[in-house]
Amino acid sequence: MLRTARRLFVSLLFLLCAASLPAQDAKPPLRVAIAGLVHGHASGFFSHALRRKDIQIVGIAEPDRVLFDRYAARFHLDPSLYHADLDELLRTTRPQAVLGYTNTLDHRKIVETCARYQTAVMVEKPLATTYEDAQAIARAAHQAKITVLVNYETSWYPSNRAAYDILHRGEIGELRKVVVHDGHEGPKEIGVQPEFLDWLTDPKRNGGGALFDFGCYGADLMTWLMDGQRPLTVTAVTQTIKPDIYAHVDDEATIVLTYPKAQAILQASWNWPYSRKDMEVYGRTGSVLTIASKEICVRLPKHPEATTGAAPPIAAPNDDSLSYLRAVLLDGAKIDGMSSLETNVIVTEILDAARRSAASGKTVQLEQ
């Protein structure tokens, strides 16, 4: 009895000591810095990241102190996080990654600055406003051997992942046509922040209007579905249906891409009656349609009716931008096609060609 009690006491003491020690497999947080606050997606980042223990914000570079103070008040940010200059922030805080929330034109400057410090970068979509800038970003990243990722909301949609898997398992036959719908009622109509609206409606800082803002989603998805194959031709038509609101950029765009055996129609708009991000994928023998982020409608060969249901959830860490970034940088996770630099250089090439096509009224042939 005494021996049993002694054994029990020793076991209890061991458990108590073990519990008081820090977990050996606990991983430190990913140290990130923010470049810019003029992109409206920054609000979503703070709402999400500040609740996480695996992400640590070490600094925020934003030349507009008033804008920083507004975010600081809303999200209770420490004023010591403020830096007026990205170069100075990188030099003094040495983050493991920089998240870009600037206008799209400034993405090249962010990457080239981070390359000097061998710091990884994730920017919001699209990668760049010109194909020339996209190529410069790729050169800087490759020379410095840094990771550059592009964040699309649709990368984390179970519906899109399910469509890709169904196609690549051969369940609907060889790909023939993809139709992608992206956009909303318009940035002013939905009430985006004034600093966001300011550059979204600037053709230089945004690259265009709806053409770049929402055309990038379809170009990204199609390039991913095609496993990185570039289109043969790009044809685009743009309109400004609301010139009283969008005097300098398009608010309606349609892009047609052709491939040897497939075609894509990308419909980007600031004139939808509601927000939408969905696509239709047609194979030679069947189809899969995505319904918002979590549902799909599938019609398989020899089935007279389509079946609608929930898409399988995406396994972590591929279900969330910050978890994915952390996994790539700290755990060596494979870089996914939708977010990869290689895919997004092609996306920018498509958007650049679409802008030229819309301006000239002619189809643009891409060099193969």
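Reader: Let's start with confidence: what is the mean pLDDT of the protein chain, and what share of its residues reach 70 or more?

Author: This is a predicted model, in which local features need pLDDT of at least 70 and side-chain atom pairs count only at pLDDT 80 or more, while totals for chains, interfaces and linings use all residues. Residues are numbered from 1 along each chain as its sequence is written, and side-chain values use heavy atoms, with hydrogens and water left out. The term pLDDT is the predictor's confidence in each residue, from 0 to 100. Here the protein chain has a mean of 94, and 93% of its residues reach 70 or more.

Reader: Where is confidence lowest, and where is it highest?

Author: Where pLDDT is low, the predicted coordinates should not be read in detail. In this chain the lowest mean, 43, belongs to helix 1 (residues 2–20), and the highest, 99, to strand 9 (residues 252–258). Over residues 1–25 pLDDT stays under 50, and the model has zero contacts beyond four places in sequence for that stretch. A contact means heavy atoms within 4.5 Å.

Reader: Thanks! How many helices and strands are there in the protein chain?

Author: Helices (H or I, at least four residues) and strands (E, at least two) are DSSP runs, numbered from the N terminus. The protein chain has 13 helices and 15 strands. Its C-alpha trace spans about 90 × 60 × 40 Å along the principal axes. Of the contacts between residues at least 6 apart in sequence, 72% join residues at least 24 apart.

Reader: What percentage of the residues count as buried?

Author: Buried means under 20% relative accessible area, exposed means over 50%, and partly exposed is in between (1.4 Å probe, protein chains only). By that rule, 53% of the 368 residues count as buried. As for the surface, the protein chain exposes about 17500 Å², with carbon and sulfur atoms supplying 55% of it. Those areas come from the Shrake-Rupley method with a 1.4 Å probe; for residues, only the protein chains shown count as cover.

Reader: On to charges. How many salt bridges does a search of the whole structure find?

Author: A salt bridge is a side-chain nitrogen of Lys or Arg within 4 Å of a carboxyl oxygen of Asp or Glu. The search finds 21 of them. One joins D69 and R65, whose closest N and O atoms are 3.0 Å apart. These two residues lie in helix 3 (residues 65–75), four residues apart, about one turn of the helix. D69 is partly exposed, at 36% relative accessible area, and R65 is partly exposed, with a value of 36%.

Reader: Which residue forms a salt bridge with R91?

Author: That partner is D87, and their closest N and O atoms are 2.9 Å apart. R91 and D87 are both in helix 4 (residues 86–93), four residues apart, about one turn of the helix. R91 is partly exposed at 45%, whereas D87 is buried at 19%. Another salt bridge brings the side chains of E174 and R176 together, at 3.2 Å from N to O. E174 is partly exposed, at 41%, as is R176, at 30%. Elsewhere, salt bridges with shared partners join R52, D54 and D320 into one network.

Reader: How many aromatic pairs does the count come to?

Author: A pair of aromatic rings is described by the distance of the centres and the angle of the planes. Rings of Phe, Tyr and Trp (its six-membered ring) pair if their centres lie within 6.5 Å; planes under 30 degrees apart count as stacked, over 60 as edge-to-face and the rest as tilted. The count comes to 12 pairs. F46 and F75 have ring centres 5.4 Å apart and planes at 35°, so the pair is tilted. This pair links distant parts of the chain, with F46 in helix 2 (residues 41–49) and F75 in helix 3, 29 residues apart. Both F46 and F75 are buried.

Reader: Are the planes of W156 and Y324 stacked or tilted?

Author: Their planes stand at 55° and their centres are 5.4 Å apart, so the pair is tilted. W156 is in the loop between strand 6 (148–151) and helix 7 (158–168) and Y324 is in helix 12 (residues 321–331), so the pair ties together parts 168 residues apart in sequence. Both W156 and Y324 are buried. S321 lies in helix 12, and its contacts, leaving aside neighbours within four places in sequence, are M122, N151 and W156.
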